[in-house]
Structures are given as structure tokens and as C-alpha cells.
2 protein chains.
Amino acid sequence: MSQLTRVGRESTSSIIARQLRAAIRDGEFEPGAQMGEAELAARFDVSRGTLREALQRLVEEGLLSGERHRGLFVRELSASDVQDVYVTRNAIEQAAARLILHGDRIGVADELAGVYDRMRSAVRRGDQRAVGAADVEFHELLVARSGSHRLMRMARTLLIETRMCIRALQDAYELPEELAAEHGALVGALRNGNEALVLGLIDAHMDDAVRRLTPGRGLHDPLPPLDPEPRAVGS
Amino acid sequence: MSQLTRVGRESTSSIIARQLRAAIRDGEFEPGAQMGEAELAARFDVSRGTLREALQRLVEEGLLSGERHRGLFVRELSASDVQDVYVTRNAIEQAAARLILHGDRIGVADELAGVYDRMRSAVRRGDQRAVGAADVEFHELLVARSGSHRLMRMARTLLIETRMCIRALQDAYELPEELAAEHGALVGALRNGNEALVLGLIDAHMDDAVRRLTPGRGLHDPLPPLDPEPRAVGS
DNA sequence: AATCGTATGATTGTCAACAATCCGAGGGGT
DNA sequence: ACCCCTCGGATTGTTGACAATCATACGATT
């Protein structure tokens, strides 16, 4: 009797929001690009009103921003945004890891090991695209297995922003072997239940990324005083 | 030249979303209450279309949920939701504290001490309402001073959900002295730069809250397998 | 009495048209 | 050449109306 599931379709704006999210993640809309309402509405074959509901969701999520009567644009990530993204990911993923350590850490480690293997083989055959996909999948799975819906929702947005950072800065995993090794170490520490090591590895992973993407800036450096969300990496 | 600020008004749906958020936080809409579009639109003196854009923002935020053709309702928080809220707050506020420890920890400690003083005097005169307000203000300030926009945005929603938990479960800070003491200890540890103590105090603070609100459940207990967001604390 | 079918009112989902605003091109003046 | 003004096209913000769906009450049937 419990295999019976809800039948009702989800809301249209939710579906459109998800598609737009994927498109932004995959770079089909570059940072700074305007989300023209008329064109998008035609593409989805819905009215502008319905489309605007979906866009407002992404605004709330922080993926879009804009000014009144000028339109909505894909957010451009400044250097402090990059740091902010990884600071927040660090918070989310450390919390997820701790939940897993208090739960089924062996089972989760096994699942993560599967993704890790795929990442390693992608590294071996030099498939950058597959490496990136496995990277995202690894972290998404880590948070998903924490069981926390709120952490998952936040991680979803943060991983999109991560991809935006990497793409915008043309970062191509110059040392993919090292990247894979970090993930492998994390799987091992998780399986062994070594909390301090797990948290340290995640912290180091995020710090590495920040230093690679924004030279001269580390994960734990103080963020600018407050206010600056200038809207551009170049401005 | 830098004191010149943007002039353009923010979007209407953003304004309405903020007001609705405050209303939900203050219990003007109880959990489970339906957000009737016609009535709300009339109350704000806007069309239903504009109002729906604001509602969709709150759905994305997780404060509202609903089913197609049935309407949107204020989320009811289950026991695992309560735990989830505090798990996530723990992640956010620990990260904020660590940022502050690497930044202007003295200045922030001074500011927090001000809120702490107000909380203590509210406790002395038995003003439950003021205690709750100071509590929220304390944690909001902590995250704000981290300088991370993303942590702030997440904390905003989480503090609303915190108030919803407390209100729904009629928790009235039975031991307000202890509550104030915990905040005082946090201010001290922050000022001294004792990271391990700061993180431990935040962790204990959240764990206390979970145990008080959901008997028999702790902050670090494993969350249910995944799926259950049943929508009700009572169902 | 209990169940099913039906009508009815209310609410949500969707849309196309109108009003307000912005951007750029072009012209006139200095 | 430079600046200012004006105008037209295009885009966004907002609205009211229509279609689809749901909840409830009521009566018919077994």
C-alpha cells in the first residue's frame, strides 16, 4: 500500500525553473546574459506570466538578478562570490559529512567509491567533461545521503554556482589526478569514521579550489566588509 | 562619490515576499494555513499575477508548499524538519563563526555583547517576547557579520523556521537564564578566539534546542531515510 | 443508513492585452 | 566634434478575464 505515489503533476513554474537551472549550469546562458521573457516564453510555449513565476524563483535562489524595467540577468560571480560559494559549500558539506558519520557511513562510502572510480577512469582517459560531471555527482551524493532536505536544496544551487565559477574562469582541472586523489582520501576517511580527517579534507578541498580560481585569496580570508555584490567579476 | 546609492525601487514581488515572510515569522499565518490568492492580492492591492510571483519565491525558499489546483499553504514542520532546521543552522552559524574568528572577532564580539545585554535584561524582567526577539537578532547578527551573502540568505529563512518551530510547539524558553548564559559564553569564546570552544558551544546550543523541542531526538541522530517531508507535524 | 452521482460555488492556472519604462538612433544647436 | 533633446521600437510590469480543477452540499439509488 505504500508503493502508491502522488499522481498530481508538479507546478509548471517548478518545471521551467528546473530546466533553466540546468541550462545555466551547463553554460547555455552565460553570466550576464539577459533572460528575455518573450523569447523564453515562446521557447517553453507558455505565457510570459507563467515564465515570470519561474524566473522569480531563480532570483530568490540567487542565480538571477536584475533591476526594475531592465530585465533579469544571469548573475556574474565576483572574486568574493567565488570565495563565498566555497565557504558556503564547506559549511554544507561538512555538516552533511558529520551526519553521515553518525549514520550509515559504510554504505555511503561504498556509494561514493563508485562515483570516485568513475572519476578516476575519466581522469585516466583524459575526459575533462566526465571528470567535471563526476565531481558534481560526488558532492551531490554526499549531501543527498545526509538525509537533510535543506542541505540538499542549498547544495543544488551551490553546485550550479560552482560550475559557473569553473566555466567562467576557464579552470580545466589542470591536475585532475590530484583532484581524484582528494576524493579518494575523503572516501577512505569517511569509511574509517575519522571525523577530524574528513572535515580537514573537505576544508582543504575547498581551500584548494578558492586558491586555484582566485589567486591570492584563501577560503578563510575575511570577506569584504559587506555590500559588495557588485554584479560582475570584471567590474 | 561612494555614498551615492541605487535609486531604482526593488521589484514588487520582492517587497511582497518580504512582508509575507515577516507575517509567517510572526505567526500571522499559522502552519497549514492556505494563502488565498484573491484575498492576499486585495490586501496588498496588486493583481493575482503579481502576488503569485511573490508566493513562488516563498515556495522556492521552502516556507510554502502545495499541490496543483489546491493552493499554497504554510509548511508544517515535522519532527525531522525541526532537526533538519537546527542541523542546517548549526552548519551555517559554525561557518559564520569561523569566518569571524579569522576576521574582526573583537568588534563582532562587542556588537554581540550588546544584544546579549538586552537579552539578559529581558530575561530579568521576564519579557518572553523580547527574549525571543533578542535571540533571533543575536544569531542574525552573527551570520551577518560573517560577510557571506549566501550564509545570510540561508540564515534568514532558517530563523523564520526556527520561530515557527518554537511557536508551534509552544516552547517558551522555560529556562531563559540558561539560554542567555549560552549566548554569553559564546560571546566570550568568540572574543578570546577559542575556535574549538566556539564551535562546541554552537553545537551544544543547537543540540539543546532539538532535545527540548523534539523529545528523544538529538541534533546528530541520523535523519529518516529520505523522502519524508510529509507536510505535517501531526500526520 | 450508506454510497454514489451530480450540480454548484469557489479557487487556481493560464493567457493576451494595456500601461510604464528603458534603450538607441537621429536631428538640431553650439 | 560634442552635447542635448526628442522620438520610435522594444522590453518589462501589471492587470482583468477566461478555462480548468477542486471541494462541498444535496438528492437519488440500493
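**Entry 1: the A–B interface**

I began with the area buried between chain A and chain B, which comes to about 4300 Å². Carbon and sulfur atoms give 50% of that area. I then asked which residues of chain A lose the most area to chain B. They are Glu60(A), Arg68(A) and Arg150(A). Together these three account for 18% of what the chain A side buries. I note here that the model is predicted.

Next I looked up how many residues take part in the contact. Chain A gives 55 residues and chain B gives 55 residues.

**Entry 2: charges and polar pairs**

I looked for salt bridges across the interface of chain A and chain B, and the rule finds 16. I picked one of them to inspect. The side chains of Arg52(A) and Glu53(B) meet at 2.8 Å, N to O. That pair qualifies as a salt bridge because the cut-off is 4 Å from a Lys or Arg side-chain nitrogen to an Asp or Glu carboxyl oxygen.

I also looked up polar contacts between the two chains. The count is 25 residue pairs, with both residues at pLDDT 80 or more.

Which elements of chain A give two or more residues to the side that touches chain B? I found helix H1 (12-25), helix H3 (48-61), helix H4 (79-101) and helix H7 (149-168). H4(A) supplies the largest share, 12 residues. I sorted this side of chain A by class and got 18 nonpolar, 15 polar and 22 charged residues.

**Entry 3: the nonpolar core**

I turned to the largest nonpolar core, which has 138 residues. Tyr86(A) and Tyr86(B) touch the most other members. I followed Tyr86(B) and set aside its neighbours within four places in sequence. Tyr86(B) is then in contact with Thr162(B), Ile166(B), Met206(B), Ala209(B), Val210(B), Leu213(B) and Leu219(B).

I checked Thr214(A), which lies in the segment after helix H9 (195-213) of chain A. Is Thr214(A) buried or exposed? Its relative accessibility is 7%. Buried means under 20%, so Thr214(A) counts as buried. Leaving aside neighbours within four places in sequence, I find Thr214(A) in contact with Ala79(A) and Val82(A).

I then looked up Ile106(A), found in helix H5 (residues 105-124) of chain A. Its relative accessible area is 40%. That falls between the 20% and 50% limits, so I log Ile106(A) as partly exposed. I also took a distance from Ile106(A) to Arg18(A), 88 residues apart along the chain. Their C-alpha atoms are separated by 32 Å.

Methods
Residues are numbered from 1 along each chain as its sequence is written. Chains are lettered from A and ligands numbered from 1 in the order in which they are written. This is a predicted model: local features need pLDDT of at least 70, side-chain atom pairs count only at pLDDT 80 or more; totals for chains, interfaces and linings use all residues. Side-chain values use heavy atoms; hydrogens and water are left out. Contact means heavy atoms within 4.5 Å. Buried area is the accessible area (1.4 Å probe) that two parts lose on being put together, summed over both. A polar contact is a pair of N or O atoms within 3.5 Å; within protein, one must be able to donate a hydrogen and the other to accept it, and residues adjacent in sequence count only if both atoms are side-chain atoms. Helices (H or I, at least four residues) and strands (E, at least two) are DSSP runs, numbered from the N terminus. Ala, Val, Leu, Ile, Met, Phe, Trp, Tyr, Cys and Pro count as nonpolar, Asp, Glu, Lys and Arg as charged, and the others, Gly among them, as polar. A nonpolar core is a set of buried Ala, Val, Leu, Ile, Met, Phe, Trp, Tyr and Cys residues joined through side-chain atoms within 4.5 Å. Buried means under 20% relative accessible area, exposed over 50%, partly exposed in between (1.4 Å probe, protein chains only).
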